[in-house]
Amino acid sequence: MTTLRIADGQVLRPDMTIERADVLVDQDAGTILDVGDVDEGDVGLDAEGDLVIPGLVNAHTHVAMTLLRGYADDKPLDAWLQEDIWPVEAELTAEDVRVGTRLGVLEMIRSGTTCFADMYFDMPAVAEVVEETGMRAMLGYGAITVGQDDEAARQELQDSLAFAKEYDGAADGRISTAFKPHSLTTVGEEYYREFVPEANEAGLPIHFHANETEGEVDPLVDEHGERPLEYADDVGLLGEDSFIAHGVHTDATEHELLAERGTAVVHCPASNMKLASGMAPVQDMLDAGVTVGLGTDGAASNNDLSMFDEMRDAAMLGKLAADDASAVDAPTVVEMATQGSAAAIGVDSGRIEPGANADLAVIDLDEPRLTPGHDLVSHLAYAVTGSDVRHTVCDGQVLMRDRTVLTLDEQQVVQDATEHARALVDRAEE
Ligand SMILES: CSC[C@H]1O[C@@H](n2cnc3c(O)ncnc32)[C@H](O)[C@@H]1O
Ligand SMILES: [Zn+2]
């Protein structure tokens with residue numbers, strides 16, 4: 001057995017306590033073997049003076065949108081998508097998606113994220129990047145039927161199902177998949193009624209955007225005579241493995257429904273603030289027993305993929321939404337970015353315990369901004385930034401050692417992304 005010992009760090013345990021310990025990893029199985037005083041195995045990563053945390057789980061993103069970072073800002077969701085994003089996305093090639101995904105994965109590895117849930121186009125290209133970079137991911141093709149004739153609409157949903165069936169378990173099990181219709185408003189009811197049973201029969205999780213803006217709720221209520229998530233439940237979308245993105249404009253009835261069905265919510269605070277979509281009632285959801293994870297959404301509505309920024313935003317916005325400074329506290333957001341996100345997307349990561357996936361990040365605490373160290377969980381939520389991450393490990397393999405990413409050529413990735421982004425925008429503006 002090949003092992004990796006992460007020695008002498010301060011380790012964040014699943015109950016949000018911190019203890020000095022070594023972490024021993026089985027690199028063949030990609031799992032954690034032991035946490036404590038471990039003598040066996042050579043020291044693979046020195047973590048003395050560092051904080052060892054579970055790799056962060058970005059539970060909702062569109063990674064290749066890194067190519068559109070800063071392309072269109074300061075608009076609400078509908079105008080942003082329709083006037084700027086969808087026209088340029090119509091010009092995307094599979095190579096653009098590959099290059100943009102490499103840039104996003106580079107950013108994530110550098111900021112301690114080891115797993116992400118992606119919904120986008122050209123998903124085989126995303127899967128290739130996951131395979132080559134050693135990340136873990138939960139992938140799905142985002143199907144949209146509005147504006148399509150019946151044949152094209154049905155093809156969209158078939159494509160989403162086919163990708164999910166073909167790629168589940170790829171990259172030595174690091175890829176899992178879901179059926180991912182884009183949203184409750186961009187996929188017609190008849191298509192949900194036809195294709196959701198097939199996804200359920202195939203045992204596929206389902207992921208979609210829901211209740212993101214106030215403007216989308218009223219038309220859904222008018223059309224279906226019930227709250228959006230009641231409608232989602234009627235068409236079979238709310239299962240135990242399913243997870244929705246955003247859930248900003250949700251009420252108590254919907255929280256109860258989500259908790260009953262075991263459907264998780266992925267909170268995307270930065271995107272919700274930037275697009276002025278609103279403040280999700282996160283503390284209410286948690287109090288109702290809903291599993292809540294955290295996601296960055298795409299880099300064009302954030303504008304980065306750092307889960308540390310997302311934790312801070314979630315804590316700050318959660319307090320404003322609840323009008324209560326004690327709401328969505330530091331341990332809660334750290335739990336959301338680790339165990340909550342992992343549970344939402346169905347991966348056994350997000351906790352440093354024997355048996356769990358060996359997905360870890362090591363944070364350098366030797367930084368004025370992180371001094372003094374009264375409470376390291378508070379630091380994780382409010383003070384650590386992505387650049388404090390020193391080592392990143394996924395599936396037992398070291399992806400970044402001493403701030404050098406080992407599975408990507410950083411300079412090449414940045415150069416390719418710059419060129420592809422420029423050419424993409426030129427094509428769109430021709
Ligand atoms: C069909 S692939 C995914 C699709 O979603 C778009 N998108 C990016 N951010 C958001 C958001 O906040 N709400 C809804 N849709 C979003 C992305 O640009 C792709 O077109
Ligand atoms: Zn999204």
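So, is glutamate 212 buried or exposed? Keep in mind that we're looking at a predicted model here. Okay, the answer: glutamate 212 counts as buried, because there are 28 C-beta neighbours inside 10 Å of it, and the cut-off for buried is 20 or more.

Where does it sit? Find strand E11, residues 207-210, and then helix H6, residues 214-224; glutamate 212 is in the loop between those two. Leaving aside residues up to four places away in sequence, glutamate 212 touches Leu77, His246, Val248 and Ser277. Now compare glycine 49: from there to glutamate 212 you've got 163 residues in sequence, and 41 Å in space, going C-alpha to C-alpha.

Next up, ligand 1. There are 17 residues around it, and the ones that come nearest are Ile85, Gly142, His182, His209 and Gly298. Two elements give two or more residues to that shell: helix H1, 77-89, and strand E7, 113-120. H1 has the largest share, with 3 residues. If you sort the shell by class, you get 6 nonpolar, 8 polar and 3 charged residues.

Let's zoom out to the domains. The chain splits into domain 1, which is 3-54 plus 354-403, and domain 2, which is 56-345. Their centres, taken over C-alpha atoms, are 28 Å apart. Where they touch, domain 1 puts in 20 residues and domain 2 puts in 23. On the domain 1 side, the elements giving two or more residues are helix H13 and strands E16 and E17, and H13 gives the most, with 5. By class, that side has 13 nonpolar, 5 polar and 2 charged residues.

Methods:
Residues are numbered from 1 along each chain as its sequence is written. Chains are lettered from A and ligands numbered from 1 in the order in which they are written. This is a predicted model: local features need pLDDT of at least 70, side-chain atom pairs count only at pLDDT 80 or more; totals for chains, interfaces and linings use all residues. Helices (H or I, at least four residues) and strands (E, at least two) are DSSP runs, numbered from the N terminus. A residue is buried if 20 or more other C-beta atoms lie within 10 Å of its own, exposed if 12 or fewer, and partly exposed in between; C-beta atoms are placed from the backbone. Two residues are in contact if their C-beta atoms, placed from the backbone, lie within 7 Å. A residue is near a molecule or strand if its C-beta atom, placed from the backbone, lies within 6 Å of it. Ala, Val, Leu, Ile, Met, Phe, Trp, Tyr, Cys and Pro count as nonpolar, Asp, Glu, Lys and Arg as charged, and the others, Gly among them, as polar. Domain bounds come from an automatic or database domain assignment.
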